[in-house]
Amino acid sequence: MVTWTNLGLLYLHHQDLDLANQAFLRAQVLDPNYPLAWLGQGLVASAHGHELDAEHIFEYIVGLETTIVGLLVPNLQGDSHTSIG
């Protein structure tokens, strides 16, 4: 799913919205709860001018058990080897 999502982001960057959409859909088939694939779908919807659909997708992402922050920052509880301050 990560590979399909990354491919979708690449297509999105090159403004190929149809291929981006297809890649994000494939990622969602592999893991329907993968938030970055949903984020990509929301960005595609927004780029197509479907703002209400994009808003619903973004709201759905917030409700997923695994959040984007959790994916990007896996150790929010702190690491015993890291000290802040």
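The legends below describe close-up views of a predicted model.

In this predicted model, local features need pLDDT of at least 70 and side-chain atom pairs count only at pLDDT 80 or more, while totals for chains, interfaces and linings use all residues. Residues are numbered from 1 along each chain as its sequence is written, and side-chain values use heavy atoms, with hydrogens and water left out.

**Figure 1. Overview of the protein chain.** The secondary structure comes to 5 helices and 0 strands. Helices (H or I, at least four residues) and strands (E, at least two) are DSSP runs, numbered from the N terminus. Along the sequence the pattern reads α-α-α-α-α. Of the 85 residues, 25% are buried. Buried means under 20% relative accessible area, exposed over 50%, and partly exposed in between (1.4 Å probe, protein chains only). The accessible surface comes to about 6,000 Å², with 58% belonging to carbon and sulfur atoms. Accessible areas come from the Shrake-Rupley method with a 1.4 Å probe; for residues, only the protein chains shown count as cover. Among contacts with a separation of 6 or more, 42% join residues 24 or more positions apart. Contact means heavy atoms within 4.5 Å.

Figure 2. Helix α1 covers residues 2-13. It has 12 residues and reaches 16 Å from its first C-alpha to its last, close to the 16 Å expected at 1.5 Å a residue. The expected span is 1.5 Å times one less than the number of residues. T5, G8 and L12 are buried in α1. Seen down the axis, the buried residues of α1 fall within an arc of 60 degrees, so they line one face of the helix. The arc is that of the directions from the helix axis to the C-beta atoms. An α-helix has 3.6 residues a turn, so residues three or four places apart point the same way. T3 and H13 are exposed on the other side of α1. The buried residues of α1 pack against α2 and α3.

**Figure 3. Surroundings of T5.** T5 lies in helix α1. T5 is buried, with a relative accessible area of 2%. Not counting residues up to four places away in sequence, T5 touches F24, A27, Y34, L36 and A37.

**Figure 4. Q15 in the loop between α1 and α2.** Q15 follows α1 and sits in the loop between α1 and α2. Phi of Q15 is near 60 degrees, a positive value in a residue other than glycine. Most residues other than glycine have a negative phi. Q15 counts as exposed, at 68% relative accessibility.

Figure 5. α2 has 14 residues and reaches 20 Å from its first C-alpha to its last, close to the 20 Å expected at 1.5 Å a residue. Its buried residues are L17, A20, A23, F24, A27 and Q28. They cover an arc of only 140 degrees around the axis, which puts them on the same side of α2. The face turned away from that buried side carries the exposed residues D18, V29 and L30. Cover for the buried residues of α2 includes α1 and α3. The largest nonpolar core has 5 residues: L12, L17, A20, F24 and V44. Helix α2 (residues 17-30) supplies the largest share of this core, 3 residues. A nonpolar core is a set of buried Ala, Val, Leu, Ile, Met, Phe, Trp, Tyr and Cys residues joined through side-chain atoms within 4.5 Å. Leaving aside neighbours within four places in sequence, L17 is in contact with L12, V44, A47 and H48.

**Figure 6. D31 in the loop between α2 and α3.** D31 is placed in the loop between α2 and α3 (35-47). D31 is partly exposed, with a relative accessible area of 24%. The C-alpha atoms of D31 and V2 are separated by 9.6 Å, although the two are 29 residues apart along the chain.

**Figure 7. Helix α4.** Helix α4 (residues 51-63) has 13 residues and reaches 19 Å from its first C-alpha to its last, close to the 18 Å expected at 1.5 Å a residue. In α4, A54, I57 and I61 are buried. Seen down the axis of α4, these buried residues fall within an arc of 60 degrees, so they line one face of the helix. L52, V62 and G63 are exposed on the face of α4 turned away from its buried side.

**Figure 8. Confidence along the chain.** The mean pLDDT of the protein chain is 85, and 75% of its residues reach 70 or more. pLDDT is the predictor's confidence in each residue, from 0 to 100. Among the elements, α2 has the highest mean pLDDT (97) and helix α5 (residues 68-72) the lowest (60). Over residues 80-85 pLDDT stays under 50, and the model has 0 contacts there beyond four places in sequence. Where pLDDT is low, the predicted coordinates should not be read in detail.
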